[in-house]
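Here are a few notes to read alongside the model. Take them one at a time, and look up each residue as you go.

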Amino acid sequence: MSNNKNTEANVEMTSEELSEVLQVRRDKLANLQEMGRDPFKESRYDRTHYSVQVKEGFEALEGETVKIAGRMMSKRIQGKAGFIDIQDAEGRIQSYVRKDRLGDEEYTIFKTYDIGDIVGIEGEVFITKRGEISVKADKVTLLSKSLQILPEKYHGLKDQELRYRQRYVDLIVNPEVKDAFITRTKALKALRSYLDERGFLEVETPILNTIAGGANARPFITHHNTLHIPMYLRIANELYLKRLIVGGFDKVYEMGRMFRNEGMDMKHNPEYTAIELYQAYADYTDMMEITENLIAHMAEVATGSTKIVYQGKEIDFKPPWRRMTMIDCVKEFSGVDFNEINTDEEAIAIAKEKGVEIKPGMRRGEIIAEFFEEFGEDKLVQPTFITQHPVEISPLSKRNNEDPRLTDRFEAFANGWELANAFSELNDPIDQKGRFMDQLRKKELGDDEACDMDEDFLNALEVGLPPTGGLGIGIDRVIMLLTDSSSIRDVLLFPTMKPIEKQEESAE
């Protein structure tokens, strides 16, 4: 085997040299077209095997003729023979190409092919003297011409921003990137099957809404030309799904994209995947059981274990998870016991003493939540349910019977991140209207994440919502943990990116 490797993709070129190389590729395409061998007129290829099938089935396939297809990732030509590596969806395999098997004309044309070109290889399965399973080519068919230069893995695609921006190149040059998305698909299949087997019905609700409701978040706003009204990309599908419970469905779920016009960081992308599910005649404790068992099931199916290692930390999703109230968590990590603080004034005073930020109009319940975020949230590495959230931050959750200042709600945390949010759903339309009015008060005070009033949802509650448990899970964060990914953009095939020209304008 020759070591005279085509290093076209490894050489750092000036822009002028790069333009010349790109022009050479276009010239090669033009020559092929003039010869009547336009690769873009190839419509299909009857592939018989993937690379992995050839390698794993070598004993049965040795000496047999197969047809493989994929992208040419390396090319080593010396005289009348050479080796190329073909990468398909499942891996790579080597092909041995000889002039005496292809013929003079075909071999001459083959030598003009470039790294990145997509080819079909028909030939005999054999093993080289060095012990590498390969395909001895009898025919090489150019199926698509690459007019760009692929970066070499270890030198040319280090820029993480470029990898996200050109995911198609990232997947070619760094095929191991696919593993995270394969794990994602396995986990989502496990999620759906878990719910389907327990009688939940998957449904679809509107993505374009006339009211931004169901959560506290800043929406994306668009305009409907025919109706002449503003519309909002959904920030949650909660209110529609609860309408279905009113209508007589007992168990429903929807998984899909949500859109929030908020900041971007390693845990946040403007569009993300979430699942919400609702079960009639259940409460938030039932949702706890579903949450811990569902995520544990996803982990086991996708990774083979309920135990994962994330950035060096072992996290075990095996049920049961730890349970603690928000007030108890604040007390444990800050030393402040809000069971002994009963007025807004007392809460504001202790917040100032502890250096917790206070916004205009904040009340005791909101200050408890600020204390939790400041002192408790990042301490919750192992899966933990934080329960009994203050009513001020829970506009859609049923009040706790023992302390009406709190709600029957939980958030699930792991690695210091919120993974899930669930309630015993508020089904009192009078109380719900009061909560909506409080949200409008917050909006007037400048809170652009506060909910709008939803009169039709109130009407649905007046028709009658049975006692209901509801749950929302942030899918992307769960997948980050299962794949040991440090950024949400690593588990989104096409994360939101600022266009390059906009970046350049901002820099001026």
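Which backbone nitrogen does the side chain of Thr325 reach? Keep that in mind for the first point, and remember throughout that this is a predicted model.

1. **Thr325 and its surroundings.** The side chain of Thr325 reaches the backbone nitrogen of Asp328, at 3.0 Å. You will find Thr325 in strand E14, which covers residues 322–325. With a relative accessible area of 18%, Thr325 is buried, because the cut-off for that word is under 20%. Beyond its neighbours within four places in sequence, Thr325 is in contact with Ile386, Thr387 and Gln388.

2. **An enclosed strand.** Now move to strand E16, residues 409–414. Here 6 of the 6 residues are buried, so the strand is largely enclosed by the rest of the structure. In a regular strand, side chains alternate between the two faces of the sheet. Both faces of E16 are covered: one side has Arg409, Glu411 and Phe413, the other has Phe410, Ala412 and Ala414, and all are buried.

3. **The partners of E16.** Strand E15 (residues 384–387) runs antiparallel to E16, and 4 bridges join them. Within this pairing, Thr384 has Phe413 as its bridge partner in E16. E16 also pairs with strand E17 (residues 417–424), again in the antiparallel sense, over 6 bridges. There, the bridge partner of Phe413 in E17 is Glu418.

4. **The turn.** E16 and E17 form a hairpin with 2 residues between them. Have a look at Asn415 in this turn, which has a positive phi of about 60°.

5. **The nonpolar cores.** The largest nonpolar core has 45 residues, and the members touching the most others are Phe317, Phe410, Leu471, Leu481 and Leu482. Helix H11 (residues 284–303) gives the most to this core, with 10 residues. A second, separate core of 24 residues includes Ile84, Ile109, Val119 and Val135.

6. **A closer look at Phe317.** Setting aside neighbours within four places in sequence, the contacts of Phe317 include Glu292, Ile295, Ala296 and Ala299. Also among them are Pro383, Ala414 and Leu419, together with Leu481 and Leu482.

7. **Cysteines.** How many disulfides does the structure hold? The number is 0. A disulfide is a covalent bond between the sulfur atoms of two cysteines.

Methods. Residues numbered from 1 in each chain as written. Predicted model: local features only at pLDDT ≥ 70, side-chain atom pairs only at ≥ 80, totals over all residues. Heavy atoms only, no water. Buried < 20%, exposed > 50% of the residue type's maximum accessible area, 1.4 Å probe, protein only. Pairing = 2+ DSSP bridges. Core = buried A, V, L, I, M, F, W, Y, C linked by side-chain atoms within 4.5 Å. Contact = heavy atoms within 4.5 Å. Disulfide = S-S within 2.5 Å. Polar contact = N/O pair within 3.5 Å; in protein donor to acceptor, adjacent residues only side chain to side chain.
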